[in-house]
Amino acid sequence: MSRRLLTALLAPVAVLMAVPLVYIVSLSLRSRDDVLNGGLLPSEVFWRNWPDTFGAIDLPRHLANSWVVAAGAVALTLAIAVPAAHYTARARRSGERLLSLVLASYCAPPVVAVLPLFYLLRTTGLNNTLAGLVLVTGLANVPVAVWLLDGFVRRVPQEIEEAAWLDGLGGWGVLRHVIAPLIAPGIVASGLICFFLGYNELLFALSFAQETSVQTLPVALSLFQGDRNIQFGRQAVASIVGVAPVYVLALLAQRRLVAGLSAGAVK
Amino acid sequence: MAEGAITRPAGLTRRRAVRRARLPRVSRWQAAPVTAALLVFSGYPLVYLVGLALTESTLARPLQSWVGSDNFRNALDNEIFTGSLWRSTLFAVLAAAGQLVIGTGLALALAARARRLGLLGGLLLLPLVTPPVMVGVAWKLLLAPVGGAVNGTLALVGLPAVNPLGDERGAFWTLVVIDTWQWTPFVVLLVYAALLGVPEELREAAVLDGAGHWRLLVSVVLPYLRPALLAVFLLRLVGGFKVFDIVYVVTAGGPGAATNTSTYEIQRTALESFQVGTAAAETLVFSVMVGAVATIVALVRRRAVRAER
């Protein structure tokens, strides 16, 4: 098939993909009476939503919470997953077994952990704290990171590791001085993917962090739905403010992210 | 032991020593953090859930008194919950299958167009990093019966208005479409990467044998991709069972119970109606079902991988 024909086929798909995102921007510029105007564009541009949103909710606080939770969770996830992936990729049978176990745990829907973790967090005083949410989100993403990183470790030629043993390095030494530098792009990619997952997570955030001071952005966004007169314009503003930095991050790291995802796929 | 060491031929010991030296040296302790993580995040919840399911609990005071199978009976007698099991399965299977078919098609088209994704790679990432809550709001308003952009557009071209969120089947399918909108790009990226791995010799050999485009796809490319496709299907299937955000935002489980998936129903039973014991029993039933479905797909994939070797 010709390149031009394929482009013509793919173009409508791209448009379809973009519509909901463009629509959110359009919503952010509509007054309340204009939200349901039957079109994709505002009948009249209404800038007031932007300052009003910052007056209505503590947006900087929610954003900061989301960033803290996502970044803290990534640190925890990687601290667990990087050594684990070296083990699953290199410890033969026992590594394979661990990998299956990790992937099996990923199959369990997160709602399974909600009640037990609720009690655990309360007993340890971590309910309604960002630290508690970091812990839960970080643990939840471990299987994803192990799955991706395992692929990266497997691509490192074993001879390099053997040379390091001759220099007297043990497992941790090899991991730190040989494997970690070589799979650095994979660590970055997995870290970013886990960051996005943590940033957008709703179920745990809604279940374990009910107080306003620790609510993450997705929770704050979902709470707009509870009002009798939903302020869709402001909700759109909050969405955009929250998602814009993440889009920038994704576009900047685009090649690494795509490579990171591929590492999982080609296994 | 000592006797064995003496009688063992020297050559064998040396060979064994050499083999051991070549064995990858990873420390057992490298698996310790992940083991601890699994215990906290999977092991402990499972044990605790069994405890909660067999006793009476409130959110404030868990594990009060033994009630035997009462909670399970409550869960299984509740038609909203048993219905949610079926709905969740249907949702996961339909969404995963739809995403796999559309995503594979798009990936094939993209791969035929160019060997690099370029700017498109970045655009494909955007739905993946968009909070599902935001995606849900956009779709809900687009589909609003009065004043939504979809009906506005339909009216412009003289077509009758639609209200998919107003009826049971429509609402269910709308959620499938939203999930598909969000996750098809993920499938595209993974399948595209797998496509680049198809060995050139394999294609060339098939072309030399006179295979056309279609034949090449059906007899060479797709069979080669099968393990990767099944892995992606499994990932999305599991993702489908986890769906919560868009249900919460778009339909809140309604109309009626048409979009009440198990994850949503359990979260509500536990943290909105505070029926802790029932929710725990429901969770266990749901996990067993998800485990069964995922195992079937995993077994099919393992067979596909074996068949290839």
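**A buried serine and its surroundings**

B:S84 counts as buried because its relative accessible area is 0%. Buried means under 20% relative accessible area, exposed means over 50%, and partly exposed lies in between, with a 1.4 Å probe and protein chains only. This is a predicted model, in which local features need pLDDT of at least 70, side-chain atom pairs count only at pLDDT 80 or more, and totals for chains, interfaces and linings use all residues. Residues are numbered from 1 along each chain as its sequence is written, chains are lettered from A and ligands numbered from 1 in the order in which they are written, and side-chain values use heavy atoms, with hydrogens and water left out.

B:S84 sits in helix α5 of chain B, residues 79–113. Helices (H or I, at least four residues) and strands (E, at least two) are DSSP runs, numbered from the N terminus. A polar atom of the B:S84 side chain lies 2.7 Å from the backbone oxygen of B:F81. That is a polar contact: a pair of N or O atoms within 3.5 Å; within protein, one must be able to donate a hydrogen and the other to accept it, and residues adjacent in sequence count only if both atoms are side-chain atoms. Setting aside residues up to four places away in sequence, B:S84 touches B:N260, B:T261, B:S262 and B:E265. Contact here means heavy atoms within 4.5 Å.

Now a threonine in another helix. B:T184 belongs to helix α9 of chain B, residues 168–196. B:T184 is buried because its relative accessibility is 8%. Its side chain reaches the backbone oxygen of B:T180 at 2.6 Å. With residues up to four places away in sequence not counted, B:T184 touches B:Q99, B:I102, B:G103 and B:L106.

Next, the backbone. A cis peptide bond joins B:G254 and B:P255, with omega at about -5 degrees. B:P255 lies in the loop between α12 (245–251) and α13 (262–271) of chain B. B:F274 is not a glycine, yet its phi is positive, about 60 degrees. B:F274 is in the loop between α13 and α14 (276–308) of chain B. At 44% relative accessibility, B:F274 is therefore partly exposed.

B:L63 also has a positive phi, near 55 degrees, in a residue other than glycine. Its place is the loop between β1 (55–56) and β2 (65–66) of chain B. B:L63 counts as partly exposed because its relative accessibility is 40%. From C-alpha to C-alpha, B:L63 and B:A53 are 9.0 Å apart in space and 10 residues apart in sequence. Beyond its neighbours within four places in sequence, B:L63 is in contact with B:Y48, B:G51, B:L52, B:T55, B:E56 and B:S57.

Zoom out to the chain pair. The contact takes 94 residues from chain B and 88 residues from chain A. The two chains bury about 8000 Å² between them, 77% of it on carbon and sulfur atoms. Buried area is the accessible area (1.4 Å probe) that two parts lose on being put together, summed over both. Across this interface the rule finds zero salt bridges. A salt bridge is a side-chain nitrogen of Lys or Arg within 4 Å of a carboxyl oxygen of Asp or Glu. The rule does find 11 residue pairs in polar contact, both at pLDDT 80 or more. On the chain B side that touches chain A, helix α3 (residues 32–53) of chain B gives the most, with 12 residues. By class, that side divides into 68 nonpolar, 18 polar and eight charged residues. Ala, Val, Leu, Ile, Met, Phe, Trp, Tyr, Cys and Pro count as nonpolar, Asp, Glu, Lys and Arg as charged, and the others, Gly among them, as polar.

Last, the partner chain. Chain A is divided into domain 1 (1–47) and domain 2 (57–265), with bounds from an automatic or database domain assignment. Their centres, taken over C-alpha atoms, are separated by 31 Å. Eight residues of domain 1 of chain A are in contact with 10 residues of domain 2 of chain A. These domains bury about 660 Å² between them, 71% of it on carbon and sulfur atoms. In domain 1 of chain A, A:I24, A:S28 and A:R32 lose the most area to domain 2 of chain A, together 60% of what that side buries. Between the two domains of chain A the count is zero salt bridges, and zero residue pairs in polar contact, both at pLDDT 80 or more. The side of domain 1 of chain A that touches domain 2 of chain A has five nonpolar, one polar and two charged residues.
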